[in-house]
Amino acid sequence: MKFQFNMSLLGLMASMAARRGLAFVPSLTTRNALTKSNHHIKPLTRHFLSTLAPPTEQSEAEEIIQLPTNEDDEELLKIRHSSAHVMAMAVQQVFPEAQVTIGPWIDNGFYYDFYFPDTVDKETGEKVPSRKLTEQDLKAVKKEMDKIISKDYPIRREEVSREEARRRINEIGEPFKLEILDSIKTEPITIYHIGEEWWDLCAGPHVESTSSIPKKAISLDSVAGAYWRGDEKREMLQRIYATAWKDPQQLKQYKKMLEEAKKRDHRMLGKKLDLFSVQEEAGGGLVFWHPKGSKIRRMIEDFWKNAHEDAGYDIVYSPHIANINLWKTSGHFDFYRSDMFDQMDVENEQYQIKPMNCPFHCLMFKDELRSYRDLPFRWAELGTVYRYERSGTLHGLMRVRGFTQDDAHIFCLPEQLEDEIVGVLDLTERILSRFGFDKYDIMLSTKPEKAVGSDDIWEAATKALEGALKKKGWEYGVDEGGGAFYGPKIDLKIRDAIGRQWQCSTVQCDFNLPDRFGLEYVSAEGTREQPIMVHRAIFGSMERFFGILIENCSGDFPLWLAPTQFKLLPVTDAVHDYCNEVAAKAKKMGIRVEVDRGSERLAKQIRNAEQQRVPIMAVVGVKEMETNNLAVRSRKLGDLGSFNVDDLLSELSRCSAAAEEMTMQGDKSAE
Ligand SMILES: [Zn+2]
Ligand SMILES: [Zn+2]
């Protein structure tokens, strides 16, 4: 691994910390702190070293390496896709009644959906209900796959006409394939053969022969139900999920990462730390933020709003519902309807709960005739939207039906675009690095075949996005033709502490909505021109980002986000009033503080506070009360020593405001 920082002790430690995923030491791990020579860095202490590498986490996290992805490794993608074909062939060899449907590659592997019809027992003539795949069945399928792989069948591409494809599908009796054929709009139809044994409709790409598939790097993981075409009125299929990598080490690494992920599951931690819930009584995918989770959200929102105002944005609010005509104008009613909830009747007009904020900001733009002198507008909104996600896809905070986007729209002149994008990237970096995310995987997506807007505007906007990325000095990949139909975009993924990538931030140019809404400004020449609209989000959604955050730090929030920053643990009833006094003082200074009820022994009090991930505790006995000194304990570092109450509170409040961890050493002379 190449270090991007100079190899001073500081740089080395930061790189080590970053590789171990111990990203929550903002003053050390952000790029800014390391490259800006004038940045104030506190003297290193023994305690500080131990925050960088807590002994318990070190050994586990040290081996984490970055696994390849479908986007950056075409060979891996071919292996996954070819494995899906081999698995489908194997399933049909083991269970001849199985019908094949679709089997795409996905992150970390692939799946394939099969239909198992009812069968008839040949001897008794009795109806046998359709097979439900078991773990044992998966083992049999994997064994068959290994055989196919060992035989080294060539994988051959063939082009046929639509009629020929239809004839062949009818010949093998695969009704679902006929529907797939009908959905393919282009010709010729491509077929991939595995030797002379098996074939499937497919656009590819694939490996050359089955022996290129590393059988020890493939594992069939689970079976799940899935409706054909995701339509609950159609057949229920059985989906086999599988993991596939390039070599067994990668598979091992991946399994280890899964184990680590399980320990950090945000749904489990959300309950344990009383942060949020999803209530069946209220319906799936609707999130309840409990007081502790809400405290964290407020910290995040306050920071987000301040950072936006610093960056020249205005914060706005818009309604939750609007007349359906607005959604017809925007085009969402036509193109996005399956993701929208049904309309509601309001005095014989149809109203829609919003799935997006964009049309509202367009209306605000249109509210007055704008001049080129007014631009750019940067309007940011924490806008709560509702989307009709199917119940099968809902997952904790990661996939929900109601969520708050950290949305913003920029309306600017074409010549302002590049600077505006640089501004967005700067702000994105500032905000994400505050949470310890300072390594990004960036993709620029360009004009697809079907697109609105002139070639000129596409080219200028794409150049502006490229120019902005170059100004930032960020490496990025290009997804040719991968842009939205309405404009080019930049997507940014963050990497978490266990090497997973999460797509959060996006910056998208839009030539469509300004046109549909007839947005214009008066140019310097007095003509009416269309502004460029940019959509952008940094977290994506508050809910999902919170989920990522919980998993990234295992619920061990940094001091500035911890819902309870400081807990007083009274040793005897005699000090209870004193504890309350200290707590009241702390509260006034903006510190989130709790006092233990004191009904349990000290060891138990400490354990409870640690389980609740309280970063700083103070043990208070009669001696402490009389001297106004507290015996302070850090969850990460153990005993910090004895502190004067006022010194401690002001340091706590300073560290919290600056998003720094507490690293002070106690005044030993006071003991
Ligand atoms: Zn294929
Ligand atoms: Zn938008």
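Which strands does helix α8 (residues 162-172) lie across? In this predicted model, helix α8 lies across β6, β7 and β8. Residues are numbered from 1 along each chain as written, with chains lettered from A and ligands numbered from 1 in written order. Local features need pLDDT of at least 70 and side-chain atom pairs count only at pLDDT 80 or more, whereas totals for chains, interfaces and linings use all residues.

**View 1. An open sheet of three strands.** The strands, in the order β6-β7-β8, pair in the antiparallel sense (pairing requires at least two DSSP bridges; strands are DSSP E runs of at least two residues, and helices H or I runs of at least four, numbered from the N terminus). Because β6 (155-160) and β8 (198-201) each have a single partner strand, one side of each is left without a neighbour in the sheet. Six bridges join β6 to β7 (residues 189-194), and Glu159 has Thr190 in β7 as its bridge partner.

**View 2. Helices against the sheet.** Helix α6 (residues 74-94) packs on the sheet, touching β6, β7 and β8, and its direction makes about 65 degrees with that of β7, while helix α8 runs at about 40 degrees to β7 (axes are lines fitted to C-alpha atoms, for helices over the stretch in contact, with angles from 0 to 180 degrees between N-to-C directions; contact means C-beta atoms, placed from the backbone, within 7 Å).

**View 3. Buried residues of helix α15.** In α15 (residues 358-366), the buried residues include Cys358, Phe360 and Cys362 (buried means 20 or more other C-beta atoms within 10 Å of the residue's own, these atoms being placed from the backbone). Among the elements covering them are α13 (324-330) and β18 (377-386).

Key: Two residues are in contact if their C-beta atoms, placed from the backbone, lie within 7 Å. A residue is buried if 20 or more other C-beta atoms lie within 10 Å of its own, exposed if 12 or fewer, and partly exposed in between; C-beta atoms are placed from the backbone.
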